[in-house]
Amino acid sequence: MKSTSKRAKANRGKQTQLDLCQREVEELRTALAIAREQEKVAQECLQKLETANQALQQKERLLEVTAIAAHSLLTTTTLDAAINHALQIVGEALDTDRVGLFEVVASTSNSTFPHWRALEYEWKSPGTVLQHSDVDAAQVSYDEIPEIFERLHQRQTVSYFIEEVPEPFRSHQIAIGVKSTHLVPIFVQGQFWGGLGLDDCHEAKRRSITELSVLKIAADCIGSAIQRDRTQQDLLQAEQARTRVAIGHSQDLERHYAELQQALEHEVELRHRLAESEKRYRTLFELSNEGIYRFELQPPVPIALPLDEKAKLAYHSLQVAEANPAFIAQYGFSGPEEVAGKRFTDFYPSDSEVNLDTIRELTQSGYRLHNAPTEELGVDGQPRHFLQNVVCDVQDGYLLGGWGTQTDITELRQAQQALLQAEQERAEELAKANEELRQRDRLLSIVAEVTKDLLKNPQVEAAIEQALQRIGEAAGVSRMLVMQEKLEASSRQLQHCVIQEWSASGIPKQTDDSVTKAVNNDEYAALIDELHAGQSIWHVLEALPEPIRTQQAGIGVKSTGAVPIFIAGKYFGCVAFDDCVNYHQWTPQEIDVLTSSSGAIGAALHRKQLVDHLVEERTQAEQARAIELAQVNNAVRRSINALTSQPSVEAFLEVTLKSIAEVLEVHSAMFWKIEEQWATLQLAYQDGQVLPGKQTDHPNATAPGQLWNAYNAAGRIYDYPFCHPVDDPASQFTEAQRAMFHQLGVRSVLGAPVVIGDRTVAIITVRLTHEMPDPSPLRLELMNVLAGQAALAMQMSQLAEEAKQTAILEERNRMAQDIHDTLAQSFTSIGMQLQAAARFLSRNPEQAQSCLAYAQELTRSGLAVARQSVWALQSEAENYCQLDSTLQRLAAQQSLETAIPIEASIAGTPYSLPADVGMNLLRIGQEALNNAIHHAQAQTILVTLTYAPNQIQLQIQDDGQGFDLQLRLNSGGFGLIGMQQRSDRLKGELMIISHPGQGTEVRVTVPIESENSPLLRNTRL
C-alpha cells in the first residue's frame, strides 16, 4: 500500500509537471502570435512611409510632365502632331489607358442638348481600343448625361466610375472598356468647345487633385493651341474669300462684254435682213430706220486695176445718187436734194485707214460688204461711226455703182470705247490688286515660316532678329523695330526703348540715334495712347505731330507704322515698321499681314517670358526644395541613427523632438503619452534643451490633462499631422491653456499622432506662433515620418522585451523536452529495475543481481545524456553554424559511450548555417540518436548530412526493431512532437519511416536562402 501511494503521488507530480509544461507551451505560442502581429504592424508603418515618399515623387514628376506637354504644344510644327504628342505625354505620365479630345456638335434632332463627338486626337495604351473608331461610343447626345454636360459647361472637372453613369451611355462606355473616366472642359474664344477625357480601362482609379490639375493645364494648353490655329485659319480663309471676289468681278465684266458683243452682232444681223427686204420692198425704203442709199461711181472704175489703185479710184469716185430719210437725217441734211451728188469724200476723212480698208475689202469680196465699219464726220465735225452693208453693180469689167445700208453705231462705239477704257482701267486695278494679293501671299508665306521658327527655336532673341530681317525684306520696308515699354531708372518716367532692330542696307539704325533709341511716353503720347488701347498706327511723316515729326525725319522716316504687343493681357511694347524711301500708303492687306507677324513676335516674347519665369521659379523652387530636403534628410538621418544606436526609447524621443523643432523652425516640441482619454506630458523640447514633462511650465506638466480628450473620445486615427487653432472652440483647450498660449503668442498647435495598430498611443505637438509661417507639406511629412519612427521605436522596445521573454520560455520548453526525452526516461527505467531487484532479492538473488546491473547501466547512460545536455547548453553560436563538425563530434561521443557503431557522413560542400537552423537540426539529430540507442536495439546507426544550394537535409537510419508510428504518436510522448515542432519552426519537412522489425529512418529537409542572399554570401566556407 505504501508503495502504491508513493507511485500515485509520483504520477500526480509528473502530471502536474506535464500540465505546467503544456500551459507554458500554449503561452509561448500566444506570445509568438502577438509578436508576429506586431511585426506585421511595423511593416505596415514602413510601407506607409514608402507610400508617402512615392506620393512626393509623383507630384514632382507631374509638374515636369505639365511643362513638357505645354512646351510640346508651343514648339511642335503642326497642330495635330502637337496635340497627339501632348496627349501621349499626359497619358503615360498618369498611367492611364486612353486620353482623347471630344468636341461639342449641334444636335440633329429637337433635343435641348447638343451632341459630343470623339475626335481622332487620341492616345491609347497597348491593348486598348480607340474610342473614335467605335460607332456607338464615338458620338453621343448629352441627353443621356445632362448632369455631366451642365458641370462641364460650368467649367467643372468631372470624374466618375462606370457604375455611376446612366444607361445607355454606360453600355457604350463599357463596350470600349471604360472603368473610370475623368473629364476636363475646353473653352475656345470663351465658348464651350469640348473637353479632354482620360479613361482607365484596366483598373478603376480615383485621381488626386494633382493629377486632375495636370489634366486641367493640358486642356487649357490644348484649347489655346486650337484657338490659335482657328484664328490663323480664319485669317487665311478671309484672304482667300477676298481673292475669289476679285476674280469673280473680273469674270463678270468679261461675261457682260461678251453678252454686249453678242447683242450687237444680233442687231446687225437683224438690220441686214431689213436691208435685204428693202431691196425687194421699195415701199419700206422711206420707213427704214437705217440709212439706205444708192451710189454711183463717176467715172466708173475698171475692176482690172491693181487693188490699191482700184480702191483709191473707187474711194474718190463714189457719190450718192439717192438716199432715204434716215440716211439724210444721219448727216443732218434737210432734204434729198442736199444729199444727191455728194461724193463720199465729203463724208469720209481722206486719210482714214479704216475707210480705205473697207474699200479694199469691197473690191476683194466680190463687191459685197457685210457690217463693214467706216469713219465719217458729222455736220458738227464730230466723228461718226457706221456699219456698211454694200452690194455693187459690176458690168463689162467696170464698177458702176450699187446699193448700201448703213447703221449709225456712234453711240454704241462710244459706249464700247468707254466700256473698253473702263475695262482697261479695271484690268489695271485687278492687276494691281493681284500684285498686292501676290505680295500678301508672299508675306503670309514668310510670316508662316517665321512664326514656325519663332515657336520652335529655343533661341528666341536670335529667332526674332531673323524674323525682323525676313519680314522687312519681304514687305519692302526699310527698318523694323521691337520696342519695349520700360521705366527709366533715374527719371522714373515710362519710355519706349528699342530692344531689337533690323535695317536695310544704307538705312541708319535707330539704336545709333541718341534721340529716338529711347523715347519718352509723354512726347509720343498721341501715338502711344492708341497703342495702349490696342490699336495699330500707320502714318506718313507729314501726318505726325511735333516733335515726333522732326525726330522721325532725323532718322530718315517717310512712312511709319506700329502694332501693339500684349502679353498675358498686359501691354509690353510694339513692333514698328519704317519706310525711309517712299511715302508709303499702307494697304489693308499689308496691315493685316504685318499685324499677324507682330502677333507671332509677341507670342515668341511671351514664350520667352514664360520660359524665363518658369526656369526662375523652378530654380528657386529647386533651391528651396534642396535646402528643405537637406534639412529633412539630415533630420531623418539623425532619427534613424538614433533609432539604431540609442539605448532607450526616451533617448530616441529626445533626438526626434529636437529634429522636429529644428526643421519646423519652432521653439518647442512635446511628446504626450495617451492612456484612455487622458494625455500625459512625458518629454518637451524647449529653447534648445530637452526636459522631462514634469519640469516644464505647461499646465498639465504634473498631472494628466484633457488636451486631447475630444480626439480620443471620437476614436479618430489620423495618418497625417493635424492642426488645432487656439481660439477654435472645437479644439477644447482649457482656459488656462488658452491663456498660456495667448501669452506666448501661439496661434495654433500642430499635432502628429503616434499610432500602433489601430490605436493612438502618443502625440507629438509643436506650437506655431504668429511670426512663424505654416510648415510646408514636406516638413509636415517629415513630422509624420518621425512620429511613425517614434511608434516604431516604442513597438521595437516592446517587441524586444516580448522576444526576450519568448526566448526564455522557448529555452525552458526545450529543456523540459530534453529532460523528459532523456533523463526522465532513464530515471523511470532505473526505478523500475530497482523495484524488480527488491522483489527478486529474497526469492531469486541472481535475477535481482541482473536487475541491479542493468540499473547501473541505465545510470551510466543517463549520466552520459546529462553530460550531453550540459555540453549542448554550452555550445556557442558558431558551433551551431558549423553543423557538419558539431554533428560528427556528437556521433563519435555517442558511439564511444554506447558501444553502438555510429557512422556520420557529409555530402556536398559544407557552408555556414544560421545559428537557429543549426541548433534545431542538432536537437532533432540528438532526439533521433537517443531513440535509436535506447529503444531500437539497433546494431548500426547511419547519420548523413547533405548540403545543397537551396536546402540542407539530415538523415538518421538504424537497423533496429522499428515501431508503429501511429501508436507512438497517439501515446503523447514529447520526442516525436518536439522534432515536428522544430521542423515546423524552420519551415522544413519531417519524414519518419518505420515499421515493426524493419528499422527506422528519420529525414528532415530545411530550405536555405539562395546562394546570392547576403546570409550565405557572407558566411560561405
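1. Strands β21 and β22 (residues 746-756) run antiparallel and are joined by four bridges; strands here are DSSP runs of E, at least two residues long, and helices are runs of H or I of at least four, numbered from the N terminus. Pro725 stands opposite Ser748 in β22.

2. The model is predicted, so local features need pLDDT of at least 70 and side-chain atom pairs count only at pLDDT 80 or more, while totals for chains, interfaces and linings use all residues. Residues are numbered from 1 along each chain as its sequence is written, and side-chain values use heavy atoms, with hydrogens and water left out.

3. The open sheet has six strands in the order β20-β19-β18-β23-β22-β21, with antiparallel pairing (two strands pair if DSSP finds at least two bridges between them). Its edge strands, β20 (689-692) and β21 (722-725), each pair on one side only.

4. Helix α16 (residues 649-664) packs on the sheet, touching β18 (668-675), β19 (678-686), β20, β22 and β23 (759-769), and its direction makes about 65° with that of β19. Axes are lines fitted to C-alpha atoms, for helices over the stretch in contact, and angles run from 0 to 180 degrees between N-to-C directions. Helix α18 (residues 735-744) also packs on the sheet, touching β22 and β23, at about 40° to the direction of β23.

5. Leaving aside neighbours within four places in sequence, Val1006 is in contact (heavy atoms within 4.5 Å) with Val917, Leu921, Asn950, Gln951, Ile952, Leu986 and Gly988.
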